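Subject: Structure handover

Hello,

Please find the structure below, ahead of the notes that I promised. The notes start from single residues and end with the whole chain.

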Amino acid sequence: MKHHDGHPLEPGADEMRSMVERAMERIVAHIESLPEQPVSASHGGEELARSLAEPLPEAGTPFDELLDLIFDRAVPCSFNTASPGYLAYIPSGGIFHSAVADLIADSVNRYVGVWLAAPGLAQLEINVVRWLCEMVGYPPDAGGVLLSGGSLANLTAVVTARQERLGEDFLRGTLYTSDQTHHSVLKAAVLAGFPARNVRSVPCDEGFRIRTDELERRIGEDHADGLQPFLIAGNAGTTNTGAVDDLGGLADVAARHQLWLHVDAAYGGFFALTERGRRAMRGLERADSITLDPHKGLFLPYGTGSLLVRDVGALKRTHSIHADYMPAMRGGAEMADFCEISPELSRELRGLRAWLPIKMHGIGVFRWNLDEKLDLVRWATEELRTIPDLEIVAEPQLSLVVFRLRPEGAGREQLDQLNRDFMERINQRQRVMLTGTVLDGSFALRICVLSFRTHQERMEMALEDIRAAAQELAGHAAPAATAAACGR
């Protein structure tokens, strides 16, 4: 229906096509230029943000001017997370197919929080959740929900475990993480009502995996002190090093003490699609709940997380609340009302952004990409070994390796500054972006390979830039190391 001037929020067919076509010109140009764009260009961000601040506009601005503002000013000043050279943090891909799915989902604007409101679309999202369960080895009657990301998934898991294991009197409950666990688990515990002191940080072994012997000891101590251990949070790919805990061992501990086992597999879980990933994460299927981020290992856009549970009834027992104005709920596991198993009532149709690309290409394409990332990080690790004075701090367990320069005789403070300079010199070349972390009190650099756009040629660029930066610093590091050795 073509609108008239009195209804500008109802564009006609020609105007809708024109808007999409003009936006697509900018989008395609942006995506095609990604390999040549700087990987990080956030310098001057404060000035940019100030220049864009404005009061509520009363009159409109032409669409093309707004496209110019977005693509010429706002987008370029950023970490280029879509770049093939983005090896920082945990990359998120943002495949184009999902953008098309979101355009469809936002345009039809159907409500899926209640199954009855859009049974067909709700079923497509239920299919996606079941596919995720299949990927991690869960049984056919398992279930879950798509959420905005790993943080909300971890929070939902902690609240569900609290309800299932402790009930209303929960303040004596204790949770167990490793010293490598993502901070969102601690945040989830605090938001779920636990004092931060109730979260036990258990030390790791030399591979940055939680020590199950120390975990058992702490659980025993808490029982003896009259506390109520109820949850273990394991890791299937930590942010710091990509470490994967002994998930089978954690499942054994949880079973002995009747604790809820939650596994944060936000980064690493989708490697279970590959043979090497399945071996590394043996025992994942025994967890009571699993956090998975499709916006990481399935390369979907930001805002696509999930929580899977072996017993979907636990989610319903925790989240189901009646209201007179709500329609009748289905009640069965096969046709889920998402509002009954998650914190959200209002929500977008998230499932389409996963359903469309998986249906278009099949899961084999995603498996191939994940295997490629495992190959690339192993190739990079072997190349790093050839650089003088460089040590591998954390061997790759999935697609992440940690390293640093360590010239002989340099002290800890000198090494930290040297490696911060090292990272800055690498990133200044703008072909790749690396980030660092602190392990055992020392600063180190990370390479995380996870973007579907990252292939062998970009990894070769990364190693060229790492070698060049190391050579530049070799002359600077030697005098400092000699001075340290002489005790000056």
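Leaving aside residues up to four places away in sequence, P357 touches I95, H97, S98, L300, L352, G362 and F366, where a contact means heavy atoms within 4.5 Å. P357 sits in helix α13, residues 352-361; helices here are DSSP runs of H or I with at least four residues, strands are runs of E with at least two, and both are numbered from the N terminus. With a relative accessibility of 0%, P357 counts as buried (buried is under 20% relative accessible area, exposed is over 50%, partly exposed is in between, with a 1.4 Å probe and protein chains only). P357 and F96 are 261 residues apart along the chain, yet their C-alpha atoms are separated by 8.9 Å.

Before the rest, two remarks on how to read this. The model is predicted, so local features need pLDDT of at least 70 and side-chain atom pairs count only at pLDDT 80 or more, while totals for chains, interfaces and linings use all residues. Residues are numbered from 1 along each chain as its sequence is written, and side-chain values use heavy atoms, with hydrogens and water left out.

S289 belongs to strand β6, residues 289-292, and is buried at a relative accessible area of 0%. Beyond four places in sequence, S289 touches Y138, A157, W260, L261, H262, V263, L307, L308 and V309. I321 is 32 residues from S289 in sequence, and the two are 22 Å apart in space, C-alpha to C-alpha.

A280 lies in helix α10, residues 275-280. Its relative accessibility is 29%, so A280 counts as partly exposed. The contacts of A280, again without residues up to four places away, are V244, Q397 and L398. D246 is 34 residues from A280 along the chain, and their C-alpha atoms are separated by 8.7 Å.

Positive phi

Most residues other than glycine have a negative phi. Which loop holds N109? N109 is in the loop between α4 (96-108) and α5 (119-136), and its phi is near 50°, a positive value in a residue other than glycine. N109 is exposed, with a relative accessible area of 63%.

F299 also has a positive phi, near 65°. F299 lies in the loop between α11 (294-297) and β7 (305-309). Is F299 buried or exposed? F299 is buried, at a relative accessible area of 2%.

The whole chain

The chain has 16 helices and 11 strands. Its radius of gyration is 25 Å, close to the 23 Å that the globule rule gives for 488 residues, so the chain is as compact as a globular protein of that length (the radius is taken over C-alpha atoms, and the rule is 2.2 Å times the number of residues to the power 0.38). Along the principal axes, the C-alpha trace spans about 80 × 65 × 45 Å.

Of the 488 residues, 50% count as buried. Of the contacts with a separation of 6 or more, 73% come from residues 24 or more positions apart.

Confidence

The mean pLDDT, the predictor's confidence in each residue from 0 to 100, is 94 for the chain, and 95% of the residues reach 70 or more. Over residues 478-488 pLDDT stays under 50, and the model has 10 contacts for them beyond four places in sequence. Where pLDDT is low, the predicted coordinates should not be read in detail.

Regards
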